[in-house]
Amino acid sequence: MKHLQIIMLTAALLIMPAAVFADEYTDLIDAAKKEHVNNAARALELLGRAKKISPEKADAFIFTGITLYKSGKHYDAGMEFKKGVLLMKNEVERRDIIQIIDKFTAEFKSEEEYKLFKESYDLIEKNKPADAITKLESGLKLNPGNVRLYYELGYAYIEVKEMDKAIASLETGRKINPSNKLILKELIFAYSDSGKSGKVQDIIREMISYFGESPQLLHELAYSYTRDKKTEQAIATLEENIKKYSSYYISYYALGMLYFDAKNYDRSRDLLDAFVKKFRKEDMAKMKSGSSYDELIKNAKAKLDEIEKIKKQS
C-alpha cells in the first residue's frame with residue numbers, strides 16, 4: 001500500500017540519517033534496507049551484525065523490528081521496538097520514533113479490515129460495544145498485527161465489564177507495540193479496576209521510561225500506591241510531584257488528605273489551603289476524575305474545618 005511505503009520511508013529517514021563518512025555499522029544498515037523487502041532473512045542477518053558492532057545504537061533494533069513485523073513475527077518485532085526506543089536518549093527523537101511505530105503497527109491491510117474497524121468503532125460510539133466485539137475479532141483474523149484493533153477490542157471488553165478479556169487483548173497489542181500510549185493508558189485503567197496495583201505501577205514506570213516524567217503519571221503512580229496501602233511511597237511520590245510541578249494542584253489535594261489521615265495536621269492544612277486557593281475549574285477539565293470540582297473543594301474545606309477544631313482542642 002502506498003501509505004505504508006511512505007511511513008516506512010519516513011521511519012528509515014528519521015532513524016537512519018546518512019553519515020558524513022560511511023562506517024561498517026551504517027553500511028550494514030544501508031545493505032539491510034535494500035534487502036528487507038525481498039530477502040528478510042538476509043536483512044536480519046545484516047542487522048544482527050550491526051547490533052553486535054554498536055549495541056548501544058537504536059537504529060538497527062528499530063529496523064529489525066520493522067523487518068520482523070513485515071515478516072509476520074509481530075511479538076519478536078515488539079521486543080526489538082522496545083529495545084530500540086529505550087536506547088534513544090534524545091526525548092524528542094524518541095517520541096518521533098514512537099509515533100512512527102504507532103502508525104506502522106496500526107496500518108490496515110485491506111478495505112475489508114478497515115470496514116470492520118469503522119463499523120465496530122461506530123458501534124462503540126453508539127454504546128453498542130458487545131456488537132463491536134465480533135467485528136473486531138474478524139478484523140484481527142485478517143490482520144493479527146494491527147495494534148489499533150487490539151486497543152478497540154480491549155476498550156469494548158471494558159465497556160461490557162469483561163475485564164480479563166480486555167486485559168488479554170490489550171496485553172497482546174502491547175507485545176506488538178510496547179510503547180503505544182493508548183494501549184498503556186487503557187491497561188492502567190483495566191488493572192486498576194481489577195485491583196492489580198502492582199501491574200499499574202509497572203506500566204506507569206514503563207511509560208515514564210518512554211515518554212519522560214509528567215505530573216499526571218506521577219500522580220497516577222501515587223494513587224496506585226494509595227490503593228495498595230503503600231502510604232509512605234504515595235506520600236513520597238506526591239511530594240516529588242509538587243516539588244517538580246508546583247502548579248499541579250490536584251496532587252496538593254491528594255497529599256493533604258494523606259497527611260490528614262497520618263495526623264500530620266500542619267502539613268495537611270498548608271496543602272489543602274493552597275489547593276482551595278489555587279485550584280480552578282479549568283484545571284479540573286484537563287484531568288480524568290470521578291469527582292467534580294465542587295466536590296473536591298467541599299471536601300478540602302471540610303478537612304480544613306476539622307483541622308481547625310482539632311487544633312483548638314489540643
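Predicted model: local features only at pLDDT ≥ 70, side-chain atom pairs only at ≥ 80, totals over all residues.
Visitor: Which residues touch the most other members of the largest nonpolar core?
Guide: Happy to start there! The largest nonpolar core holds 85 residues. Those that touch the most other members are Phe 275 and Phe 279.

Visitor: And which helix gives the most to this core?
Guide: The helix to look at covers residues 147-159. With eight residues in the core, the top contributor is helix 9.

Visitor: At what angle do helix 14 and helix 15 pack?
Guide: Find helix 14 at residues 231-244 and helix 15 at residues 250-261. Their axes lie 10 Å apart, and the crossing is left-handed. The packing angle is about 145 degrees.

Visitor: How many charged residues are in the contact of helix 14 with helix 15?
Guide: Good one to work through. Helix 14 brings residues including Ile 235, Leu 238 and Glu 239, while helix 15 brings, among them, Tyr 252, Leu 255 and Leu 258. Glu counts as charged. By class there are nine nonpolar and three polar residues, and the number of charged ones is one.

Visitor: What is the handedness of the crossing of helix 15 and helix 18?
Guide: Helix 18 spans residues 293-313, and its axis comes within 11 Å of that of helix 15. The two axes cross at roughly 35 degrees. The crossing is left-handed.

Visitor: How many nonpolar residues does the contact of helix 15 with helix 18 have?
Guide: From helix 15 come Ile 250, Tyr 253, Met 257 and Phe 260. The contact has one polar and two charged residues, and its nonpolar count is eight.

How values were computed
Residues numbered from 1 in each chain as written. Heavy atoms only, no water. Core = buried A, V, L, I, M, F, W, Y, C linked by side-chain atoms within 4.5 Å. Buried < 20%, exposed > 50% of the residue type's maximum accessible area, 1.4 Å probe, protein only. Helix = DSSP H or I, 4+ residues; strand = E, 2+ residues; numbered from the N terminus. Axes fitted to C-alpha atoms, helices over the stretch in contact; angles between N-to-C directions. Left-handed = near helix turned anticlockwise from the far one by under 90°. Contact = heavy atoms within 4.5 Å.
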